[in-house]
Amino acid sequence: QVQLVESGGGLVQPGGSLRLSCEASGSIVTINAMGWYRQAPGKQRELVAHITLGGGTNYASFVKGRFTISRDNAKNTVYLQMNSLKPEDTAVYSCNANVHSGDWYVDVWGQGTLVTVSS
């Protein structure tokens, strides 16, 4: 079994920064792609950023130039550095990973961490 645990959310003022972390644990052979998603109240979940095993990245247009996704494969951890935060970035941020576990590839989600951008 594989688990993802996010941390780093909280309340921040507009223009501020936060760094989210998501650590995977359990029966892991390899973690392939990892990603951050968010869901604001009353809205559908949307992709924020994605990173491959080799470090290739892509971003949603609304965060380009402000957010940076990275990963530490030795620590089974993905990060999301969020700068120049706006009130519209307020959402529950969740990480996702495609994990080679035992004989299977499984898609795993974290429980989410709340980011609130407000003055």
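Predicted model: local features only at pLDDT ≥ 70, side-chain atom pairs only at ≥ 80, totals over all residues.

Biologist: Where do Cys22 and Cys95 sit in the chain?

Modeller: Cys22 is in strand S3 (residues 18-26) and Cys95 is in strand S9 (residues 91-101). They are 73 residues apart, so the bond links distant parts of the chain.

Biologist: Which hand does the disulfide have?

Modeller: It's right-handed, because the torsion about the S-S bond of Cys22 and Cys95 is about 45°.

Biologist: And are Cys22 and Cys95 buried or exposed?

Modeller: Both Cys22 and Cys95 are buried.

Biologist: How many disulfides does the count come to?

Modeller: The count is 1 disulfide.

Biologist: OK, switching to salt bridges. How many does a search of the whole structure find?

Modeller: That search turns up 3 salt bridges. Arg38, Glu46, Arg66 and Asp89 are linked in a network of them.

Biologist: What does Asp89 pair with?

Modeller: Asp89 forms a salt bridge with Arg38, where the closest N and O atoms are 2.9 Å apart. Asp89 is in the loop between strand S8 (77-82) and S9, while Arg38 is in strand S4, 51 residues away. Asp89 also meets Arg66 in a salt bridge, at 2.7 Å from N to O. Arg66 lies in the loop between S6 and strand S7 (67-72), so this pair ties together parts that are 23 residues apart in sequence.

Biologist: Which of those side chains count as buried, and at what relative accessible area?

Modeller: Asp89 is buried at 1%, Arg38 is buried at 6%, and Arg66 is buried at 11%.

Biologist: What about Glu46?

Modeller: The Glu46 side chain meets that of Arg38 in a salt bridge, 2.9 Å from N to O. Glu46 counts as partly exposed, because its relative accessibility is 32%.

Biologist: Now the strands: how do S4 and S5 pair?

Modeller: Strand S4 (residues 30-39) and strand S5 (residues 46-51) are antiparallel, over 5 bridges. Tyr37 stands opposite Leu47 in S5. The two strands form a hairpin with 6 residues between them, and Gly42 in the turn has a positive phi of about 80°.

Biologist: And how does S5 pair with S6?

Modeller: S5 and strand S6 (residues 57-59) are antiparallel too, over 3 bridges. His50 has Asn58 in S6 as its bridge partner. That hairpin has 5 residues between the strands, and Gly55 takes a positive phi near 100°.

Methods. Residues numbered from 1 in each chain as written. Heavy atoms only, no water. Disulfide = S-S within 2.5 Å. Helix = DSSP H or I, 4+ residues; strand = E, 2+ residues; numbered from the N terminus. Buried < 20%, exposed > 50% of the residue type's maximum accessible area, 1.4 Å probe, protein only. Pairing = 2+ DSSP bridges. Salt bridge = Lys/Arg side-chain N within 4 Å of Asp/Glu carboxyl O.
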